[in-house]
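Here's a quick walk through one protein model, with the cut-offs spelled out along the way. Have a look at the sequence and coordinates, then read on.

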Amino acid sequence: MNTIRNILAVIGLLSILVSVIAYFKVDAVVQRINTFDEDSLHIYSDFLRKAYDSGSAVDAMVYRVEVRQGLKAADVDVMIRSIANELNIKNVGELALYKEVEAITGKPFRFVKIYMLCNAMTAASILNYNDAFASILPCRLSLIEDQQGKLWIYTLDLDLMIHGGEPIPPALKAEAIKVRDTLKTIMHRAAQGEF
């Protein structure tokens, strides 16, 4: 009987210990989350929902727009460059990936082109804040023909950068939101065939 009572006492003591540790760990996590941007919980819950629905964290990290049926890749290509120029975001490079694949394989490949767009002063401000953001610079749009022949325009979901952690300085946040909105404007206008 004493053995059972001792075992139960040890189990009870371990339970209390685990509960106390969990409380302090949860409390530390809650305190840390409270230092994040006010929209971070919404951004992360949306990210988790997208990851769950798609089964892919990469799908959850992107923003995409379907190109209106009937538009050709060559026309959307011209529109993306033209609208970017109009909105004062510099095209600092392009990669016609489909041409590279075709040159290597000797076989046709679906249309895939990546546009590297940048506002140099915003990029400098972002880097002055956190060098890790260099991994997302310059901003990229990708015009992709999917395996069913539909055209899509993709970019990273910049809301993760803007709202995903501690609040970034207000002036930088305003610049980042402007770049995000400019990219979305380019995407939506090009996808609808609107110069």
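## Ground rules

A residue counts as buried under 20% relative accessible area, as exposed over 50%, and as partly exposed in between (1.4 Å probe, protein chains only). Arg-81 is one of the partly exposed ones, because its relative accessible area is 32%.

This is a predicted model, so local features need pLDDT of at least 70 and side-chain atom pairs count only at pLDDT 80 or more, while totals for chains, interfaces and linings use all residues. Residues are numbered from 1 along each chain as its sequence is written, and side-chain values use heavy atoms, with hydrogens and water left out.

## The overall layout

The protein chain has eight helices and five strands. Helices (H or I, at least four residues) and strands (E, at least two) are DSSP runs, numbered from the N terminus. Read from the N terminus, the elements go α-α-α-β-α-β-α-β-α-β-β-α-α. Of the 195 residues in the protein chain, 34% are buried.

## The sheet

The five strands make an open sheet in the order S1-S5-S4-S3-S2, with antiparallel pairing. S1 (62–66) and S2 (90–96) are the edge strands, each pairing on one side only. From one strand to the next, the twist averages 20°; the axes behind such angles are lines fitted to C-alpha atoms (for helices over the stretch in contact), and angles run from 0 to 180 degrees between N-to-C directions. Two strands pair if DSSP finds at least two bridges between them. In general, strands of a sheet pair through backbone hydrogen bonds, either parallel or antiparallel.

How much of S3 is buried? Six of the seven residues of S3 (residues 112–118) are, so the strand is largely enclosed by the rest of the structure.

## Salt bridges

Side chains of opposite charge can pair when their charged atoms come close. The rule here asks for a side-chain nitrogen of Lys or Arg within 4 Å of a carboxyl oxygen of Asp or Glu, and the count comes to 13 salt bridges. One of them joins Glu-66 and Lys-150 at 3.8 Å, N to O. That pair links distant parts of the chain, with Glu-66 in S1 and Lys-150 in the loop between S4 and S5, 84 residues apart. Glu-66 is partly exposed at 37% relative accessibility, and Lys-150 is partly exposed at 42%.

Arg-81 has a salt bridge to Asp-77, with the closest N and O atoms 2.8 Å apart. Both sit in helix H4 (residues 73–86), and because they are four residues apart, they are separated by about one helical turn. Asp-77 is buried, at 9% relative accessible area. Arg-81 also meets Glu-94 in a salt bridge (3.4 Å, N to O). Glu-94 lies in S2 and Arg-81 in H4, so this pair ties together parts that are 13 residues apart in sequence. Glu-94 is partly exposed, with a relative accessible area of 33%. Elsewhere, a network of salt bridges links Asp-46, Arg-49, Lys-50, Asp-53 and Asp-157.

## Rings and a surface patch

A pair of aromatic rings is described by the distance of the centres and the angle of the planes. Rings of Phe, Tyr and Trp (its six-membered ring) pair if their centres lie within 6.5 Å; planes under 30 degrees apart count as stacked, over 60 as edge-to-face and the rest as tilted. Searching the whole structure turns up two aromatic pairs. In one of them, Tyr-129 and Phe-133 have ring centres 6.2 Å apart and planes at 15°, so the pair is stacked. Tyr-129 is partly exposed at 34% relative accessible area, whereas Phe-133 counts as buried at 17%.

Val-58, Met-61 and Leu-156 form a nonpolar surface patch with about 240 Å² of accessible area together. Patches are made of residues with over 30% relative accessible area and no salt bridge; like charges are joined within 9 Å, nonpolar side chains (Val, Leu, Ile, Met, Phe, Trp, Tyr) within 5 Å. Accessible areas come from the Shrake-Rupley method with a 1.4 Å probe, and for residues only the protein chains shown count as cover. Leu-156 belongs to S5 and is partly exposed, with a relative accessible area of 35%.
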